[in-house]
Amino acid sequence: MPLAVVLILLVVGSVIFHFVSPWTFTPLASNWGTIDLTINITFIVTGIVFVAINLFMAYAIIKYRYKKDARAKYEPENKKLEYWLTGITGVGVALMLAPGLFVWAEFVNVPEEADVVEAVGQQWHWSYRYPGADGKFGEVDAERITMDNPFGIDPADPNGQDDLVVAHPEAHILLDQPVKFLLRSKDVLHNFTVAQFRVKMDLVPGTQTYLWLTPTKAGRFELLCEELCGIAHHTMRGAIIVDERADYDAWIAKQQTFAESQVVVVGNADIGAAQYAICGACHGQQGEGSVAMNAPKLAGQSGWYLQRQIKAYQNGLRGVHEDDTYGRQMAPMAATLFDDASIANVIAYIQSFPDTPAPHTIAGDADHGQRLYRVCSYCHGKDGMGIQALNAPRTAGMTDWYMARQLQNFKDGVRGTHKQDFYGMQMGFMGAIVQDEQAINDLMAYINTL
Amino acid sequence: MSSYVAIADRDHEIEHHDPQTFIRKYVWSQDHKVIAIQYGITAIFVGLIALGLSLMMRLQLGFPNEFEFINPESYYQFITMHGMIMVIYLLTALFLGGFGNYLIPLMCGARDMVFPYMNMLSYWAYLLSVIILLASFFVPGGATGAGWTLYPPQAILPGTPGVEWGILLMLVSLAVFIVAFTMGGLNYVTTVLQARCRGMTLMRMPLSVWGIFIATILGLLAFPALLVSAIMMLFDMNLGTSFFMPAISSMGVDPGFVGGSPILFQHLFWFFGHPEVYIVALPAFGIVSDLLSVHARKNIFGYRMMVWALIAIGGLSFVVWAHHMYVSGMHPYFGFFFATTTLIIAVPTAIKVYNWVLTLWEGNIHLRVPMLFAIGFIFTFIHGGLTGLFLGNVTIDMPLSDTYFVVAHFHMVMGVSPILVVFGAIYHWFPKITGKMYNETLGKWHFWMTFLGTYAIYLPMHYLGFQGVPRRYFAMGNTDFLPESAQALNAAITISALFVAATQILFFVNMIWSMKSGKKADPNPWDATTLEWLTPDTPPKHGNWGPDLPVVHRWAYDYSVPGYEDDFIPQTVPPEQAPAGRDHGVVD
């Protein structure tokens, strides 16, 4: 008897939970209302079956519970009943399958007028390519991928010259305009998912896949990788921004073409030397850093990383949090480098400095630090030299007190919380697993041994 | 004309040597009952490890970043090992190596498996595969963190934990497991086909045997696909082939592969992986049918249909595999075919559910512990089966694939449901296996806490999936479209999981205490009809049947036959002594 009552309560409770719990579908922002409709049909059919069979079972348990003088009925088969049940089940299944197949046919066939955007996945970030003025993509090849040509575009292909290359996890698309995403991966499987759009598809290295949708709401939608792609899978985030026409055009106009991206700005260390005078006041004449001035060592740090951080300061991605005292000091300094050329010049000058390891200021348990560093080593390298393809800077031989402070900042959300600071966001995820100050010190003690 | 003489007809010519030494009796034993127990204990032991791993994951998900030893690296190792252990090394091994070994000869009226020596080798090879698997926790780099699906390219590239040794040991362990399974599986199939006692026609066999039989055939056909994919991946790793590896740029470095297809691996994996679901489910279907019939004192409803449904599900399970790959990037037109076959499989499955419920209808239901678990199974299986209709329907799979809806679905349908049957079956046959009765009160507590606790874990988990919470995420971080309450729900799920895990202690206490000090069991405590309850000794001795094999005169479900005083007629009772029941005295 209690079993039957519990079964009834579970059925009733499940139905109530379904209708009143706050956890339900994320509101739709695309044309794929038909998917939601298919789900609702399935919910109705399966809901009826769930309630009916379980209540019938509960009723049977009550009605035919063991009685000493009762006896079960002997009925090996009832062909008529079995055929009826089979038939009804068949109808129910057809009722759910038919709309599913219709909607799938719609998904498989992309409207001809759809815009085309290529989304490229790699461990562990997103980038995008737009076909540019000619509406055609240039040929790509995995074997051509380098740090200077991250998309692997064939430089000899005229179609590729005007492709817009967006080496950043944010893409813009146009409101109410169908868009087909061509999906490509450089390394492992990834998956392109925006919950509000409903559709998703894997990115498969060696081939190209696609999905399409028409965005129906303007705004910023988070893009998640939903196919396990390694240790930082959960940090592989991006954003799809749905714009009105004017905003969209303005954004497109600001993007770099492939041809433009291939023009390498060569920094001039001599010019950079003059501009470095301001930097040197804190970071030291040889970029050696200064504890007293709260300025880390610059010598030996990768140029791409220095450039990205200067831009992050300039664009308000870094050095704006109210608790980031020293970052806020740096932000106006970064602003003095007014264009790409002057940034390149300064970096060229910094790279001429001798790279002597920063003094060790932090003591800790290096053995414990070594165990903790296992996770760090996936991106920053076992030798701590950093891996540009993973957007991870060098740690070995750099300033320990500075890295400790930054790790604490990541952990506390002082750094890496700006919506557009995707790489900082990744480090925020990783900083969160370091338990306390002691663990940070142990980690630094180990990094100092690298 | 064949000169073949059935094994049962040659019984008196075959010599039976009882093992004499302790080692031959209990260690290098060729007795199917001992091997069954060896399989069972080993499987449950690794299952407990996998349960522990799931708690580590739940701790991270419920209370993120609170524990230093749970970091992204170890987390992905936990999910991989948890999944692989639960599916292969626990459920497959326990249902086929454990219950298959114990029940097939006893229920078919055989003295043992047809190839006892190979049966023994099967267990030791299985143990070896378990040792290799567990060793991967202790090698440099640790176990693989590629996810239980082991998808390349990721599985063998830096960026995934265990790329040094873990993945190698995983693949080798799987290969050894498949060898073990093949030795056991050939035995089970041959024994069912060749060693049944006189009168035991196929259509008189208990559904437990049918379920295990069909599942074993599925295993023999499906595991080779996993074996070749494991070998091909080993080649890609070590011999420079590119079966699954296209030209890529991994962390800015060209690893030198060219031309392979990651999707090929997925096809091979799921050609094994989907039948694998039924390798676990069909024995559970069979066993639960018998539990329901015995404890409801009623024949299983629609026996023939039940047998044909098992066969149909088994057959269909080989043409639905790509429903795991709707969003894999395979040709989208496959979606039409696989959605259709997948939803068709719902029909025979639904028939089984109807027939279980109709077996209760007009029964005389004893709610003993095995029956509670059997009914609990029906409830969770209906739930898990219905959510399968969402995921099997290609369109609906798109928003739900790779979310917690999937995790909730497959745990409900191939985690909770089969495990409830495992518990029900262990309680049901405990008196036969040990000769002692279990403690009914502890058993009931165990049922209630497990049943309600697991529902509290998995019902809400579906709704996290609806919101779009992805599976295999170490942490969600700040994600705009998720309300903060999602984290609260995750914490609640974790607490339920810890609770369910803790209550399993009741089961082990009950088993161990009852084995030592339980009441002596009646040879046939449930008044069941099937042969295993009719052995001359309880627990059955080597050779099972004493001097003479049983002879069967009726099907396995003559319960409450009108015109007979007892409410059950054992299969060995000839028609002269009792009403003929379903068979009307005619052998099909």
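Colleague: How many residues of chain A are in contact with chain B, and how many residues of chain B are in contact with chain A?
Modeller: In this predicted model, two residues are taken to be in contact if their C-beta atoms, placed from the backbone, lie within 7 Å. By that criterion the interface joins 94 residues of chain A to 103 residues of chain B.

Colleague: Which elements give two or more residues to the side of chain A that touches chain B?
Modeller: By class, this side of chain A has 54 nonpolar, 23 polar and 17 charged residues. Two strands of chain A are among the contributing elements, namely strand 7 (200-203) and strand 9 (219-225). The helices of chain A that give two or more residues are helix 1 (2-20), helix 2 (33-63), helix 3 (79-108) and helix 11 (366-380).

Colleague: What is the radius of gyration of chain A, and why is chain A described as more spread out than a compact globule?
Modeller: Chain A holds 14 helices and 11 strands. Its C-alpha trace spans about 100 × 60 × 40 Å along the principal axes. For 450 residues the globule rule gives 22 Å, and chain A is well over that value, so it is more spread out than a compact globule, with a radius of gyration of 29 Å.

Colleague: What percentage of the residues of chain A count as buried?
Modeller: Among contacts in chain A between residues at least 6 apart in sequence, 69% join residues at least 24 apart. A residue is buried if 20 or more other C-beta atoms lie within 10 Å of its own. Of the 450 residues of chain A, the buried share is 44%.

Colleague: What distance separates the centres of domain 2 of chain A and domain 4 of chain A?
Modeller: The domain assignment of chain A places domain 2 at 115-261 and domain 4 at 359-450. Their contact takes 11 residues from domain 2 of chain A and 10 residues from domain 4 of chain A. The side of domain 2 that touches domain 4 divides into five nonpolar, four polar and two charged residues. Taken over C-alpha atoms, the separation of the two centres is 30 Å.

Colleague: Is R328(A) buried or partly exposed?
Modeller: R328(A) lies in helix 9 (residues 325-334) of chain A. Y313(A) is 15 residues from R328(A) in sequence, and the two are 8.7 Å apart in space, C-alpha to C-alpha. Because R328(A) has 15 C-beta neighbours inside 10 Å, this residue counts as partly exposed.

Colleague: What radius of gyration does chain B have?
Modeller: The secondary structure of chain B comprises 15 helices and zero strands. Along the principal axes, its C-alpha atoms fill a box of roughly 80 × 50 × 50 Å, and 63% of its 588 residues count as buried. A compact globule with 588 residues would have a radius of gyration near 25 Å, and the value for chain B agrees, at 24 Å.

Colleague: At what angle do the axes of helix 11 and helix 14 of chain B cross, and which residues of helix 14 make the contact?
Modeller: The axes of helix 11 (residues 369-392) and helix 14 (residues 440-467) of chain B come within 9 Å and cross at roughly 10 degrees, which means that the two helices are roughly parallel. The residues of this contact divide into five nonpolar, four polar and two charged. Helix 11 of chain B supplies V369(B), L372(B), F373(B), G376(B) and T387(B), while helix 14 of chain B supplies E440(B), G443(B), K444(B), F447(B), F451(B) and H462(B).

Terms used. Residues are numbered from 1 along each chain as its sequence is written. Chains are lettered from A and ligands numbered from 1 in the order in which they are written. This is a predicted model: local features need pLDDT of at least 70, side-chain atom pairs count only at pLDDT 80 or more; totals for chains, interfaces and linings use all residues. Axes are lines fitted to C-alpha atoms, for helices over the stretch in contact, and angles run from 0 to 180 degrees between N-to-C directions. Helices (H or I, at least four residues) and strands (E, at least two) are DSSP runs, numbered from the N terminus. Angles under 35 degrees count as roughly parallel, over 145 as roughly antiparallel, 65 to 115 as roughly perpendicular and the rest as oblique. Ala, Val, Leu, Ile, Met, Phe, Trp, Tyr, Cys and Pro count as nonpolar, Asp, Glu, Lys and Arg as charged, and the others, Gly among them, as polar. Domain bounds come from an automatic or database domain assignment. The radius of gyration is taken over C-alpha atoms; the globule rule is 2.2 Å times the number of residues to the power 0.38. A residue is buried if 20 or more other C-beta atoms lie within 10 Å of its own, exposed if 12 or fewer, and partly exposed in between; C-beta atoms are placed from the backbone.
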